[in-house]
Amino acid sequence: MTTYHELDPVEAKISARDVSVFYGEKQALDAVSIDIATEYVTAFIGPSGCGKSTFLRTLNRMNDTIANARVEGEIKLDGEDIYRSGMDVVQLRARVGMVFQKPNPFPKSIYENVAYGRASTASPAARASLTASSNAR
Amino acid sequence: MTEPAPLAPAEKQARLAARLRQRHRSDQLFRLAGMAAVAFAGLVLAFLLFTMTANGVGGFQRAELKVPVNLANGVIQLDPSQLAAGDPVTVLESAGLPALVDSELERAYGKDGPRLVVDGAWREAAKRIARDPSLLTQQVDFWLPASNDMAGALRGEGTPAELAQSQALAQSGALTRHFDAGFLSRGDATSPQDVGIWGALKGSILTMLVTLALAFPIGVLSAVYLEEYAPRNRWTDLIEVSINNLAAVPSIIFGLLGLAVFLGLLPNWRSAPLIGGMTLALMTMPVIVISGRNAIKAVPPSIRDAALGIGASRVQVVFHHVLPLALPGILTGTIIGMARALGETAPLLMIGMRAFVAAPPDGLTSPSSVLPVQIFLWSDEIDRGFVERTSAAIIVLLLFLLAMNSLAIYLRNRFEKRW
C-alpha cells in the first residue's frame, strides 16, 4: 500500500482510492491513491511509461474509449463517484477537460479551436452566436 | 561472434562509391518504368478518345434533303393565331402540310421525290413553322431528314442507282449532312435518321438521382455506425464480411434481386428509373460503405480524443470532426461507385429497362431506357446508320460521366477549402 498525504475532504476536488488500470492482461497502474486539492496546480512527474497519462485519463473516463482498458478502485469528483453507473460521461468531460501530450489542433480556425470546448457543450442558440462571432472575424 | 576485419580506408571508399552508383541506377530504372507505365496508359486513353470521336462525330450529323416549299400558295389557310390554338404540329397536319410537302417533293425531285425523305419528315417542317409562324406567308427551303437509303448512299453504301442519285443530289447541293441538334432532344426510334439520345440520357439522370439518394445516406450512415459506434464482436465481423462480399457480387445478381424483390412488390413499375435506381443503389452502397469506413479510419484517433476530452458528445465528434475530415475520401468512393452504376447494363436488363421506349420518361415511374442499354440496343441494330449513332451515344455517355465526376471533384475541393 502506497502512502499518501490525505487532504481534508473540503479541500479535495478529486480523490482517488486504490485505482488500478489494466490494458487487457497488462496492469498499468497499481492501487494509486491521491487527493487533488482545489485551487492548486498539481503536477505528476515520472519517467516515460510510468502511467501518468493513464492516471489522467481515468479522471475523465477517457479510458472508456480504449476497448480493452479496465479500471478498478474509486475516483470521486466533489464527493461523487465518477465510475458509478448512470454517470453522464459527456457532462463529466465538460467539467474535467483534458489536453493531451500530443497537441491536437482541430483543422479549423484558431478562434474555433479555442472556443470549441464551450461551443460543443453550449445550447444550439449559444453555439450559433459563437459561430457567428467566429465568422465575423 | 567475430568482428569483420577492418577495411583499409581506400577500399571502404571504393565500396561505398560502388554501392552509391548501384542505388542511383535502380532509382533511375524505377523512374523510367513508372514513366513508361504512365505513357502507356495515356496512349491507350488517347487512342480510345480519338477513335470514339472520329466515329462519333458523324453520329451527331444526319443527311438532310433540301425541300423548297411555297407556303404562300394558298394550300395552307392558317394565320399565326390559329397555330397557337392547339398543338401546332397537329394543326398543321389537319391544314394539309403533309400533302403539300409531298407535292413539293414531287415537283422538285420527280414522282419518287417523297421517298427521298423519311416517313413523317413533314413534322420537322411543322416544328420549324411552329417556332416561326411568319414562315406561313413565305417561300421556304426546308432541310428534311433524308431517307435511310439516301443517307446510306451518301455514306457510300447502297445500290449503284442509289449511289448515282445521291451523288447527283449532293453535287447540286440538295443533299448534305447537317449537325442534328434533335439527336440531343429526341427519344428512341426505329430509323437511325429519327433516333435521339435524350430519352436514354434523361432515364440515366433519373436513375442516377435515385441511386445517389438511396446509396449515399445509407452507405455513409452504415460506415459511421460500423466505425464509430459498433462494438467489435462476432456480429460486426459478420456484417463486415457480408458487406465486403456484396461489393464483389456480379452485377447481374443484383438485377435478379431487383426483379424478384422490387418488381415482385411493385409490378407496375417495370422499366421505371425508380426500380432501376433502387437496384443500382444496392450495388453502389457496399462500395460507399467500404470507402467510407477507410476514410473514417484514416482520421487520426487523437482528433477524437481531443474533442471527447473537452466534453463533446459522440455525435458532435462525428459531425464536427470525423465526417468533415473523411468527406473527401467518402466522395471519392461515391464517384467510383456511381461511375460503375452509370455504366452498368446487366442488372437493368433483368428489370426490363431494355424495352423499346420511344418517348423520354416523364418521371421516376414511367418506362425508360438508360444510356449503356441504349448503346447496347443500337449496336445490335442491322441498319448501318446505327453505327455512327452508337458512337455518338458513347460520346454522350462519356461526357455525362465526365460531368458527374467534375461535379463530385468540385464538391470535394469546396469541402476541403472550408478548413
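This is a predicted model: local features need pLDDT of at least 70, side-chain atom pairs count only at pLDDT 80 or more; totals for chains, interfaces and linings use all residues.

Reader: How do you know whether chain B has the radius of gyration of a compact globule?

Author: Set the two values side by side. A compact globule of 419 residues would have a radius of gyration near 22 Å, but chain B has 31 Å. The box filled by its C-alpha atoms is roughly 110 × 65 × 40 Å along the principal axes.

Reader: What makes a residue in chain B count as buried, and what share of the residues is buried?

Author: A buried residue has under 20% relative accessible area. In chain B, 42% of the 419 residues are buried.

Reader: Why is the meeting of Asp305(B) and Arg57(A) called a salt bridge?

Author: The rule asks for a side-chain nitrogen of Lys or Arg within 4 Å of a carboxyl oxygen of Asp or Glu. Here the N to O distance is 3.6 Å, so the pair of Asp305(B) and Arg57(A) qualifies. Across the interface of chain A and chain B, the rule finds 1 salt bridge.

Reader: What area do chain A and chain B bury between them, and which residues of chain A lose the most?

Author: The two chains bury about 1,700 Å², with 62% of that on carbon and sulfur atoms. On the side of chain A, the most area is lost by Phe106(A), Pro107(A) and Tyr116(A), together 31% of what that side buries. The contact takes 22 residues from chain A and 16 residues from chain B.

Definitions and conventions: Residues are numbered from 1 along each chain as its sequence is written. Chains are lettered from A and ligands numbered from 1 in the order in which they are written. Side-chain values use heavy atoms; hydrogens and water are left out. Contact means heavy atoms within 4.5 Å. Buried area is the accessible area (1.4 Å probe) that two parts lose on being put together, summed over both. The radius of gyration is taken over C-alpha atoms; the globule rule is 2.2 Å times the number of residues to the power 0.38. Buried means under 20% relative accessible area, exposed over 50%, partly exposed in between (1.4 Å probe, protein chains only).
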